[in-house]
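Subject: Structure handover

Hello,

Here is the structure I said I would pass on. Please open it alongside this note.

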Amino acid sequence: MTTDPTAESGGGLRKIPSGSVVLDEILQGGLPKNRSVLVSGGPGTGKSTLAMQFLQRGLEAGDDCLFVSTEQTTDELRDTFDGYTFDLDHEALTITTIHATTGYTLEGEDEELTLKTLEGGDSVSDGYSAPFESQYIVKHLEQFAPVDRVVLDSVSGLSAMGDDYDRYRRAVLDLIRLFSDEFEATTILTAEESGLGADSGEATVAVSDSIQYNTHGVVRLWRENIEGDYHRFLEVMKMRGVDHDTRVFQTDFDDDGVRLIPRMRTHPGEFVPDDFMATGIGGLDALLGGGIVLGGTMLLEHDGQASPHSILTSLMRAAVDNDMSIALAPPVELPPKRLETIIDRDVGDMDEMLENDELFLLDYPNIWRNTRRNVFKPREHDDEGAESVLEIIDERRGDRPMFSAMNVEAMVPVMDENELKRMRFWEEENLMGEDDTSLYFFNPGTLPDELAEFYKNSAWQVLRTWINDKGLQYIKLKKSPAGFLGSTRLVEYTEAKPYMRVQRPPRADEES
């Protein structure tokens with residue numbers, strides 16, 4: 001019956017194309033085969049269009065398809081999909097309509113809710129219909145088996161059964177079992193979402209909430225006002241057994257149905273730098289698209305609770321492995337003895353690195369002993385201003401490329417905003433070679449807004465890490481020429497090096 005090729009996920013779950021290339025990428029191959037997926041959203045968000053698009057993709061592959069409408073007649077469906085390239089007359093597509101209306105059944109003498117087609121047909125015989133109950137709806141739909149793909153648009157139309165939550169949920173579950181178990185079909189069920197969630201990013205309690213726990217996956221559509229204009233969005237809220245992309249995508253409409261954008265969030269290959277320095281943290285490198293850009297500048301923002309130290313230490317270790325010298329303005333919260341212990345343990349012998357011009361330490365808070373080579377105190381001596389110190393470092397490093405890691409909070413007491421900006425540009429113009437790489441890190445809450453924005457704007461890559469009110473640490477890629485821009489990943493700490501694990505983005509090839 002079907003000729004559509006299926007993809008297989010790492011767990012052996014087979015996939016079929018959804019009709020949207022980007023949605024297939026989000027789901028690592030498509031919708032789970034022979035499973036049910038709920039598509040919920042407010043009016044006009046594209047639920048029915050996305051569902052019919054799914055069927056049309058199946059028709060192109062030789063699938064038998066069934067569209068069950070509880071809200072529109074066949075003629076109304078033709079009007080709805082007029083202008084799209086959908087073939088509603090395809091020989092492998094069956095369209096049927098059901099709804100509840102008052103009438104008579106063979107069993108009763110009084111009027112009650114009965115099952116009819118939206119074209120007015122009776123489900124038993126002239127003048128009589130079956131009750132609008134789960135078993136009769138199932139019996140009515142059984143006649144259309146077997147099919148490969150099913151759309152039920154929408155389950156909200158079944159709420160006419162009454163206010164009994166359990167009765168309604170059982171009815172939907174009966175239909176899911178019919179389509180998945182007896183038909184062995186891949187199914188999309190649509191449901192109306194009402195209230196605030198229909199026009200915002202916030203989910204609401206609606207009919208869809210009654211069935212989302214019974215479906216294998218949930219895709220949510222909504223509208224949101226962006227500076228005076230409404231835009232439509234899509235998010236995969238769950239998909240069992242699939243490490244799906246959790247980011248929000250905007251939707252648009254073209255002749256073929258719903259189009260998800262952007263397909264790419266970072267620059268195409270010709271604009272992506274060739275060289276990256278791996279951080280040594282697999283999940284972080286995957287998030288960044290390879291690591292920190294060699295020859296560029298990264299900004300690491302933290303909230304004062306989430307520690308940036310593991311990332312900093314891993315980058316310093318990577319710099320040593322790449323035969324780079326290191327210029328370090330240490331974090332103000334790490335006292336000298338503690339920092340030296342960390343460097344000795346995880347980077348290299350600190351005394352040897354200082355003596356061999358492999359490490360340069362800029363002691364802006366003036367808390368280090370001034371008896372060691374390459375420990376500079378820009379605050380204490382007039383002849384050791386920031387620019388003159390950097391010139392000395394540049395001379396001593398020789399031909400080695402430089403990795404500089406600067407804690408901006410340590411620099412603020414020594415230089416005002418204009419001096420900090422001027423030094424940032426002076427360093428890049430006068431000292432940085434094409435292989436020199438910089439990291440700036442700070443808590444934005446401790447800096448003036450304008451200064452924090454300056455460092456963001458001048459960075460090639462921007463990472464933000466924070467701890468939420470549940471005590472979980474996350475990291476997000478906010479700016480980058482490569483990687484999973486906008487992706488938020490969980491951070492956890494380990495007892496073994498690199499002491500930090502970052503949750504892998506979906507579709508990333510490397511292991512965290």
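Below is what turned up in it, from the whole chain down to single residues.

**Overall**

This is a predicted model. The protein chain has 512 residues, and 52% of them are buried. It holds 13 helices and 26 strands. Take the contacts between residues at least 6 apart in sequence: 61% of these join residues at least 24 apart.

**The α12/α13 pair**

Start with helix α12, residues 417-430, and helix α13, residues 449-457. Their axes come within 10 Å and cross at roughly 10°. Angles under 35 degrees count as roughly parallel, so α12 and α13 are roughly parallel to each other.

Which residues meet there? From α12 they are E417, L420, K421, R424 and F425. From α13 they are E450, L451, F454 and Y455. By class, this contact has five nonpolar and four charged residues, and no polar ones.

**Aromatic rings**

The search of the whole structure gives 10 aromatic pairs. One of them is Y440 with Y455. The ring centres are 5.2 Å apart, with 45° between the planes, and the pair is classed as tilted. Y440 belongs to strand β22 (residues 437-442) and Y455 to helix α13, so the pair ties together parts 15 residues apart in sequence.

Are these two tyrosines buried or exposed? The cut-off for buried is under 20% relative accessible area. Y440 has 3% relative accessibility, so Y440 counts as buried. Y455 has 2%, so Y455 counts as buried too.

The ring pairs also build a cluster, made up of F425, Y440, F442, F454 and Y455.

**Charges over rings**

There are two cases to look at. The charged end of R223 sits over the ring of Y230, 4.3 Å from the ring centre. R464 lies over the face of W466, and here the distance to the ring centre is 4.0 Å.

**Cis peptide bonds**

A145 and P146 are joined by a cis peptide bond, with omega about -5°. P146 is placed in the loop between α4 (134-142) and β9 (149-153).

K497 and P498 are also joined by a cis peptide bond, with omega about 5°. P498 lies in the loop between β25 (488-493) and β26 (500-502).

**Positive phi**

Q28 is not a glycine, yet its phi is positive, at about 55°. The residue is found in the loop between α1 (21-26) and β3 (31-32). Q28 has 33% relative accessibility, so Q28 counts as partly exposed.

E227 is other than glycine as well, and its phi is positive, near 50°. Its place is the loop between β11 (217-226) and β12 (229-239). How exposed is E227, by relative accessible area? The value is 81%, and E227 is exposed.

**Where to look**

Go on to the tilted pair of Y440 and Y455. Then check the cis bonds at A145 and P146 and at K497 and P498. Finish with the positive phi values of Q28 and E227.

Best wishes

Definitions and conventions:
Residues are numbered from 1 along each chain as its sequence is written. This is a predicted model: local features need pLDDT of at least 70, side-chain atom pairs count only at pLDDT 80 or more; totals for chains, interfaces and linings use all residues. Side-chain values use heavy atoms; hydrogens and water are left out. Axes are lines fitted to C-alpha atoms, for helices over the stretch in contact, and angles run from 0 to 180 degrees between N-to-C directions. Helices (H or I, at least four residues) and strands (E, at least two) are DSSP runs, numbered from the N terminus. Angles under 35 degrees count as roughly parallel, over 145 as roughly antiparallel, 65 to 115 as roughly perpendicular and the rest as oblique. Contact means heavy atoms within 4.5 Å. Ala, Val, Leu, Ile, Met, Phe, Trp, Tyr, Cys and Pro count as nonpolar, Asp, Glu, Lys and Arg as charged, and the others, Gly among them, as polar. Rings of Phe, Tyr and Trp (its six-membered ring) pair if their centres lie within 6.5 Å; planes under 30 degrees apart count as stacked, over 60 as edge-to-face and the rest as tilted. Buried means under 20% relative accessible area, exposed over 50%, partly exposed in between (1.4 Å probe, protein chains only). A charge sits over a ring if NZ of Lys or CZ of Arg is within 6 Å of the ring centre and within 35 degrees of the ring normal.
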